[in-house]
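Subject: A structure for you to look at

Hello,

Here is the structure I promised to pass on. Please open it beside this message, and my notes will follow below.

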Amino acid sequence: MSAIQSIPTVAAFGSGQDELYQQAVQTYGAALERLARAYESDADLRRDLLQEMHVALWRSFRGFDGRCSLRTWFYRVSHNVGASHVLRQRRLRDQALVGLEELENLPDSTNALEAADRSHRLERLLNLIQRLKPMDRHVILSYLEGFDAASIAEITGLSAGNVATKIHRIKSVLARQFQQGGSGSCGK
Amino acid sequence: MWEVGNPVQELWQDQPVEGIQMSVEELRRRAGKFERTIYWRNVREYVGSLLAVGPLTYFFATTHDVLSRVSFGLFIAAMLWIVVQLHRKGSSKKLPSGVDTLTGLRFYRAELERQLEVLTSVWSWYLAPLVPGLVVYTIGQAVKVPRLRSWAALALMNLVVAAAFVGIWKMNQKAARCLQRMIEELNGAD
């Protein structure tokens, strides 16, 4: 299945700030919660972050000019709030963030029993995502949300080649971390 | 879009969500609260500066000793200089809405580099401006009361101030190292 449904585009431009916000949240509200989860593990802080994302989105639609799709705008604003949150929290928690390259070299810590359990697998996926630097985190989240390379390039501002390289690494990391237990194999 | 059925994508997309929503009224209230917080923070900073300058201005106006008056004048000038620098260097900029992640991360990196510069140059814009006033005040008091006990007290006061300066400098260096690590993490984002 895919989280991406309809993609409101320039047609949305011209609507009011409140309408744009409501349209975006109606379409991508679930994705917003998933993003907040990927940017903050603590439940209380995550609730604050989610509210911050909502407020940032609503405020941002005052300046929405329709030059990109509502979806692209939505993900750009949300991820920027997430990245800002990570950097703020980084000052309080002295845990170094890593890049995809470092994750590729990590030993596979998969426990077969854990791998069979869906909630543990999701928890492990979140732990993996939450260790990543903001840009790599953004790319992997976009990949998991089901975006294609062109959309990821548009949202992140990275070149298509760079996105392709990162996606290749993401697939490699996910395959290594989630390949045990049959159903956990990473589709290619 | 990637092919449907990727198990890890499914795992991610099928996770339960609470369906949290916020009404437009609530958003307006929160946005207004945020703006009021910023406004009152600025007011507090300026009032705090005035509170620091106020007593110095009083001493400047009422003292009859020339060197003391010069030292208080220098302290007032230093305080005003620090407030201006704090406002100029310390004010954070706002990321424009809807920019792509790369632009956003470059913006944050530039902000961190600016903050790093503020921390590493704390000697030049925060501590050094206070030194002339301190020197003149010390000389003035030493001339005014030329007794060994008074000089010892002045020496002790200067030692305490020097220790406070070193403490402030070390705290800023520690914060700067943290910022430097964050900047290094943001490097290579593209």
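In which kind of crossing does H2(B) pass H3(B)? The crossing is left-handed. Before the rest, please keep in mind that this is a predicted model.

**The H2(B) and H3(B) pair**

The two helices pack with their axes 9 Å apart and at an angle of about 165°. Since angles over 145 degrees count as roughly antiparallel, H2(B) is therefore roughly antiparallel to H3(B). On the H2(B) side, the residues making the contact include Ser49(B), Ala52(B), Leu56(B) and Phe60(B). From H3(B), the contributors include Arg69(B), Phe72(B), Phe75(B), Met79(B) and Val83(B).

H3(B) itself covers residues 66-90 of chain B. With 25 residues at 1.5 Å a residue, this helix should span 36 Å, and its end C-alpha atoms are 35 Å apart, so the two values agree. Its buried residues are Ser71(B), Phe72(B), Leu74(B), Phe75(B) and Ala78(B). What covers them includes helix H2 (24-62) and helix H6 (131-144) of chain B.

Trp123(B) sits in helix H5 (residues 122-127) of chain B. It counts as partly exposed because it has 14 C-beta neighbours inside 10 Å. Leaving aside residues up to four places away in sequence, Trp123(B) touches Ala128(B) and Trp169(B). Phe165(B) is 42 residues from Trp123(B) in sequence, yet their C-alpha atoms are 8.7 Å apart in space.

**Where the chains meet**

Between the chains, 40 residues of chain B are in contact with 52 residues of chain A. On the chain B side, helix H1 (7-13), H2, helix H4 (101-120) and helix H7 (148-186) each supply at least two residues. The largest share, seven residues, comes from H1(B).

**Where to be careful in chain A**

Chain A averages a pLDDT of 80, and 76% of the residues score at least 70. Over residues 1-13 of chain A, pLDDT stays under 50, although the model has 33 contacts beyond four places in sequence for them. Residues 181-188 of chain A also stay under 50, with 24 such contacts. Where pLDDT is low, the predicted coordinates should not be read in detail.

Technical notes: Residues are numbered from 1 along each chain as its sequence is written. Chains are lettered from A and ligands numbered from 1 in the order in which they are written. This is a predicted model: local features need pLDDT of at least 70, side-chain atom pairs count only at pLDDT 80 or more; totals for chains, interfaces and linings use all residues. Helices (H or I, at least four residues) and strands (E, at least two) are DSSP runs, numbered from the N terminus. A residue is buried if 20 or more other C-beta atoms lie within 10 Å of its own, exposed if 12 or fewer, and partly exposed in between; C-beta atoms are placed from the backbone. Two residues are in contact if their C-beta atoms, placed from the backbone, lie within 7 Å. The expected span of a helix is 1.5 Å times one less than its number of residues. pLDDT is the predictor's confidence in each residue, from 0 to 100. Axes are lines fitted to C-alpha atoms, for helices over the stretch in contact, and angles run from 0 to 180 degrees between N-to-C directions. Angles under 35 degrees count as roughly parallel, over 145 as roughly antiparallel, 65 to 115 as roughly perpendicular and the rest as oblique. A crossing is left-handed if the near helix is turned anticlockwise from the far one by less than a right angle, and right-handed if clockwise.
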